[in-house]
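Dear colleague,

Please find below the structure that I am handing over to you. My notes on it follow directly after.

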Amino acid sequence: MSNMEQAGQLSAVRIKAQDGSQALIALYGGHLLSWKNGAGKERLFLSERSALDGSAAIRGGVPVIFPQFGQRGNGQRHGFARTATWRLASHADGQPGIPAHAEFHLNQDDLAPAVKADWPYAFELRLRFTLRADALSMAFNVRNTGQDDFSFAAALHTYYALADFASTTLDGLAAPIDFSEFLDEIHPATPTLSLRQPAGQESLQLQQQGFNEWVVWNPGAANAAALLDMADEEWRRFVCIEPARVDKQILRAGAEWSGLHTVSSIP
Ligand SMILES: O=P(O)(O)OC[C@H]1O[C@H](O)[C@H](O)[C@@H](O)[C@@H]1O
């Protein structure tokens, strides 16, 4: 397929909007690795030490968290979706008046036997990236295709590239964020946030629907030093702001849930 390329050892699809902005998504994890504006400026952080060979979750971009958030459950930390290989269902570059898109699917038959045995439910995940001039949206849909109810948590664990952590502000949460050190905070899902960087750097508007919280995370210096897949100084160059459904909630047999995350450039 013409839009396919390698990212490290991973297969990935690149989609381009009419204005020249681009997104690169790996099949491993259905993982958005890069989102550049029309001038080629990268919006997402990806650690220089990240595995890109399918051996471990990718450190950066947008890990898809499902069906468990962090260690809030007995399953794999942050779930199995970020380390499963998704199927590319459709993709197209943008045309005049039509955005670019790529859609990925994952169901129980795509999982390794041990993972499937650990979470024995029938499901269908759909993840659709829609790329417009200066805006990217991620639509995440979970369907319970089996006979049994199941509970799940979910998040789009977005790593935003920052010029300088300490000079960043985030507006729109119920309480202000202190960009000086370690952050691991869970806030109610106010619909719109503004991630502002110093003059000369791009600021972004973050919107979500369908999720319950915003999680804000940065390891800070000490924790970053202990992370094997992050260089010591890299923590200053990103913040994770994640639309999330942190606690597991039930999804009845036959039911579906949708969450939407839209990020756009603001002056
Ligand atoms: O290292 P990871 O498994 O990717 O998790 C990275 C981070 O994810 C979330 O933001 C959690 O709130 C943090 O507690 C966690 O440390």
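**Strand pairing around strand 17**

Ser-151 stands opposite Ile-250 in strand 17. This is a predicted model, in which local features need pLDDT of at least 70, side-chain atom pairs count only at pLDDT 80 or more, and totals for chains, interfaces and linings use all residues. Residues are numbered from 1 along each chain as its sequence is written.

Strand 10 and strand 17 are antiparallel and share five bridges; strands count as paired if DSSP finds at least two bridges between them. Helices (H or I, at least four residues) and strands (E, at least two) are DSSP runs, numbered from the N terminus. Strand 11 also pairs with strand 17 in the antiparallel sense, over three bridges, and Ala-161 has Phe-238 as its bridge partner in strand 17. Strand 16 (residues 213-218) is joined to strand 17 by five bridges, and these two strands run antiparallel. Here the bridge partner of Trp-214 in strand 17 is Pro-243.

**The annotated active site**

Which residues does UniProt list for "active site"? The unreviewed entry gives His-157 and Glu-242. UniProt positions are in the numbering used here, feature names are shortened, and annotations may be inferred rather than shown by experiment. Although the two residues are spread over 86 residues of sequence, they cluster in space, with a largest C-alpha distance of 4.7 Å.

His-157 is found in the loop between strand 10 (150-156) and strand 11 (159-161), whereas Glu-242 lies in strand 17 (residues 238-251). A residue is buried if 20 or more other C-beta atoms lie within 10 Å of its own, exposed if 12 or fewer, and partly exposed in between, with C-beta atoms placed from the backbone. His-157 is buried because 22 other C-beta atoms lie within 10 Å. Glu-242 is buried as well, since it has 25 other C-beta atoms within 10 Å.

Contacts require C-beta atoms, placed from the backbone, to lie within 7 Å. Not counting residues up to four places away in sequence, His-157 touches Val-62, Pro-63, Ile-65, Cys-240 and Glu-242. With the exclusion of residues up to four places away in sequence, Glu-242 touches Ala-155, Leu-156, His-157, Thr-158, Trp-214 and Val-215.

**The ligand shell**

The residues around the ligand are Ala-57, Gly-70, Arg-77, His-78, Asp-184, Val-215, Trp-217 and Cys-240, where a residue is near a molecule if its C-beta atom, placed from the backbone, lies within 6 Å of it. By class, this shell has four nonpolar, two polar and two charged residues. Ala, Val, Leu, Ile, Met, Phe, Trp, Tyr, Cys and Pro count as nonpolar, Asp, Glu, Lys and Arg as charged, and the others, Gly among them, as polar.

Strand 1 (residues 4-7) runs antiparallel to strand 2 (residues 10-16), and four bridges join them. Met-4 has Val-13 as its bridge partner in strand 2. This hairpin has two residues between the strands, and Gly-8 takes a positive phi near 60 degrees.

The chain has two helices and 18 strands. Its radius of gyration is 18 Å, close to the 18 Å that the globule rule gives for 267 residues, so the chain is as compact as a globular protein of that length. The radius is taken over C-alpha atoms, and the rule is 2.2 Å times the number of residues to the power 0.38. Buried residues make up 39% of the 267 residues.

With kind regards

Methods:
Contact = placed C-beta atoms within 7 Å.
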